[in-house]
Amino acid sequence: MERYICIHGHFYQPPRENAWLEVIEQQDSAYPYHDWNERITHECYGPNGASRILDENKNIVNILNNYARMSFNFGPTLLQWMQQYAPEAYRSVIEADQLSLSYFDGHGSALAQVYNHIIMPLASRRDKETQVIWGIRDFESRFNRVPEGMWLAETAVDTETLEVLAEHGIRFTILAPRQAHRVKLAGTQHWSDVSGERINTRKPYSCKLPSGKEMVLFFYDGGISQDIAFKGLLDNGKELAHRLNDGFSGSDNSPQLVHVATDGESYGHHHRHGDMALAFCFQYVEQHTEARLANYSYFLSRCKELDEVEIFENSSWSCVHGVERWRSDCGCSSGMNPGWHQQWRAPLRNTLDWLRDQLAVVFEKEMGRFTTRCWEARNEYIEVILNRNDKKVDELIGKYCNKKPQGADKTRFIRMLEMQRHVLLMYTSCGWFFDEISGIETTQILQYADRAIQLAESESSIILEKEFLFRLRSAPSNLPELSNGAVVHKKYVQPSRLSLSRVGSHYAVASLFEEFPESLTICNYRAVSDHYERFEAGSLRLAVGKTRVYSLVTYSEKKFYFAVIWLGQNHIIGNSSAFMEDDEYQRMLEELTEAFTRSDVAGVIGCMQTYFGPEKFSLWNLFKDEQRKVLDQIVMKDVLQAEDSFRRIYNRNYNLMSVMSEARLPVPQVLIKNLENVLNADIRHFFENGSVYPNRLEKLAEDAVRWEIQLDKTTIAFAAAARLQQLIQDIEPKEADTRLLELVLRIFAVLEQLEIQPDLWEIQNAYFSRGRELLENHSNLHFPDQRSKLEWIRKYLQIGIHVKVKLPARLEEWIEA
């Protein structure tokens, strides 16, 4: 009897990038992380690539890549972010698919996903096709193979969607059991109603399509999936394994698959340490049950004749009303705001559908200048998105354009394709999923819509914004102060709208603080100065320049003349112009330089107003993350000066403080506080800067204990974790590195003395990985004698005690031998 278990994780975050900058700006709700992608990566995506198995003493005895043992899909836009900002987690996902090919007889565990998670039954046929094509090409570019299966956003399905999947070579997808309508056993003509989740989920089914093609459908076990996601089954990995193993039928001799599907974020983000429960479950199934782990394509290869199934049209896994959650006030919500309505959903959907249709007309008309195959060009634009460079753009132009566009025409061509990319992004499902139109998910899709409107209006005579806002007025907010979607748009979306002029203002302010300001890359823009000068006088700085700002995405370009002065602290005043004659620019430069040299601030500002006019920009014209960066730079100068002053007071009074302490006289609190600042800074600098001398750290710790100093343990722990990880990665199995092992041990001893607990996750990964290398290559260890070799191993194992990792017994056996 063949029994298999499969756990599928749908790993996904909505695209959160600013529609103009193409980066995620600081999201304060994700504190202490920069944004939600970063936070969830730390809690879920990273840990599942290196999940811990613990023994009875809570020591790590194994680290597993969960992705290699499960079925999974990642949203393409999320993987694009991870590739740049979380490369280790990204690498673990890609490597897992390669490992799964060897585990499952050449069948990879990764599934593709429709590109940016739109509700497919509510999309036009054209958009369905682009979503599938882009999802497949993104998958192929990352995993270097053709996908066998594809995940549908919210498992939302209709027959046309299945037709599109089949047309592009997808073999199977995964649905919820309530999406099955009726089944027909192979070789029979009788249909049986299986509505109400009565379908046998332990087998795949064939769905015959009107075109003559077919799609294989897997219906996951709804009960176990719900218990994993919402009812605490992830509290215990052994219980999870037993629950899955109990799902088999004793009377069925055909191959059986007990399988579940949940949001991948269940394993670590929604449920703390859910990744560890998952890892333990996998190990337990492999070691203590008769079932085998499998992925969908491997199990499908074990099946011969499939029963036939028909689906409920327009159904999904997260709305009992079908797909109404994404187009009406159906009653489905997050449940976090009782009494709130979702009457805004239908007007929002209708408004975006209207905008899509208007933009299709613009697209066909403007692209008609260059090609008769504009929609095919949109489908292939994914090649540019995946690898933005001139070569990819030129290849696309060469394939679809009758005549190669240059200059402004090339910009128009790319802008039209970017417009269509944002049309697709504005349908991301999360925009309708939650409770309120002013939520960050909904304002995000409105931002994509706004960018599409801006691109259309810049390249055609059409005016869309006024009608767009008028239509949004019919989308009511739950918050009286916001009233409706038009107010939400004006408050939360329009302030993000960007032009090349605003990028120029950003460059001018940022150039005051950059080491090489003549040329700067600002997110997906580039600023290059034809002329730039910066002057300094005490705390004052003046920058003057003529600069070209251009988009790395659309090739748009604008010239920009500016002068900006920093008066210290947060006081920055700048002026700019789109045009200035060369002789006028030269006169301005000379007059500004002369006034600045005399320290005549009023003269500098008056000169700027004379040449540029009254319109100004300031620190607040910087993009959000750059504002924080510049403010940190400004503050850091004073912080370093303060630390220097504290240290001088410390050096001058340390002996006096010691004498007073010995004489049991009270030491003034102001000197204790001064000492606190110095010791915190010095311990932090010990880990952050240069060479590591353990005697120095031990002396600092001695003083901290002696004077009962309140340490900034969070900041020190963060710095210590980064340095310890690097030190452990640098350890080599050779006699010379025995001292490095001793250094690491001394650092851990001090941290324990000071009750500072660094985050051990990366350290444990580095330690376990290096220990595994030792086991695999121990015959190649080169030491002058057995004694020094055993001493090295003994100290390495002592580090394991501190990081709570217990390596396999063979290392200990070497010592005993």
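1. Helix 2 (residues 76-85) has Pro76, Thr77, Leu78, Leu79, Trp81 and Met82 as buried residues, where buried means under 20% relative accessible area, exposed over 50% and partly exposed in between, with a 1.4 Å probe and protein chains only. The cover over these buried residues includes strand 1 (3-11), helix 1 (36-49), strand 4 (71-74), helix 3 (87-103), strand 5 (110-113) and helix 4. Helices (H or I, at least four residues) and strands (E, at least two) are DSSP runs, numbered from the N terminus. This is a predicted model, in which local features need pLDDT of at least 70 and side-chain atom pairs count only at pLDDT 80 or more, while totals for chains, interfaces and linings use all residues. Residues are numbered from 1 along each chain as its sequence is written, and side-chain values use heavy atoms, with hydrogens and water left out.

2. Arg142 belongs to helix 4 and is buried, at 7% relative accessible area. Its contacts (heavy atoms within 4.5 Å) take in Pro76, Leu79, Gln80, Gln83, Tyr90, Ile94 and Leu386, with residues up to four places away in sequence not counted. Pro76 and Leu79 are also among the buried residues of helix 2. The side chains of Arg142 and Tyr90 form a polar contact at 3.2 Å. A polar contact is a pair of N or O atoms within 3.5 Å; within protein, one must be able to donate a hydrogen and the other to accept it, and residues adjacent in sequence count only if both atoms are side-chain atoms.

3. Pro147 sits in the loop between helix 4 (125-143) and strand 6 (150-151). Its relative accessibility is 3%, so Pro147 counts as buried. Neighbours within four places in sequence aside, Pro147 is in contact with Ala112, Ile136, Phe139, Glu140, Gly169 and Ile170. The C-alpha atoms of Pro147 and Trp326 are separated by 28 Å, and the two residues are 179 apart along the chain.

4. Trp326 is in the loop between strand 14 (307-311) and helix 10 (345-367) and is buried, with a relative accessible area of 0%. Not counting residues up to four places away in sequence, Trp326 touches Ile119, Leu122, Glu154, Ser316, Ser318, Cys319, Arg349, Ser429, Trp432 and Phe433. Its C-alpha atom is 9.8 Å from that of Ile118, which lies 208 residues apart along the chain.

5. The peptide bond from Tyr31 to Pro32 is cis, with omega near 10°, and Pro32 is placed in the loop between strand 1 and helix 1. His117, not a glycine, has a positive phi of about 65°; His117 is in the loop between strand 5 and helix 4 and counts as buried at 1% relative accessibility. Ser599, also not a glycine, has a positive phi of about 60° and lies in the loop between helix 20 (582-597) and helix 21 (601-612).

6. On cysteines, the structure holds zero disulfides, a disulfide being a pair of cysteine sulfur atoms within 2.5 Å. Cys6 is in no disulfide, and the nearest cysteine sulfur, that of Cys281, is 11 Å away. Cys6 is buried at a relative accessible area of 1%. For Cys430, the closest cysteine sulfur is in Cys319 at 14 Å, too far for a bond. Cys430 counts as buried, with 11% relative accessibility.

7. The axes of helix 16 (residues 440-459) and helix 18 (residues 485-493) come within 10 Å and cross at roughly 85°. Axes are lines fitted to C-alpha atoms, for helices over the stretch in contact, and angles run from 0 to 180 degrees between N-to-C directions. Helix 16 and helix 18 are therefore roughly perpendicular, the class for 65 to 115 degrees; under 35 degrees counts as roughly parallel, over 145 as roughly antiparallel and the rest as oblique. Thr443, Leu446, Gln447 and Asp450 of helix 16 meet Val488, His489, Tyr492 and Val493 of helix 18. The residues of this contact divide into four nonpolar, three polar and one charged. Ala, Val, Leu, Ile, Met, Phe, Trp, Tyr, Cys and Pro count as nonpolar, Asp, Glu, Lys and Arg as charged, and the others, Gly among them, as polar.

8. Ser249 is in the loop between helix 7 (237-245) and strand 12 (256-263) and counts as buried at 15% relative accessibility. Its side chain makes a polar contact with the side chain of Ser251 at 3.2 Å. Beyond four places in sequence, Ser249 touches Arg3, Arg202 and Gln256.
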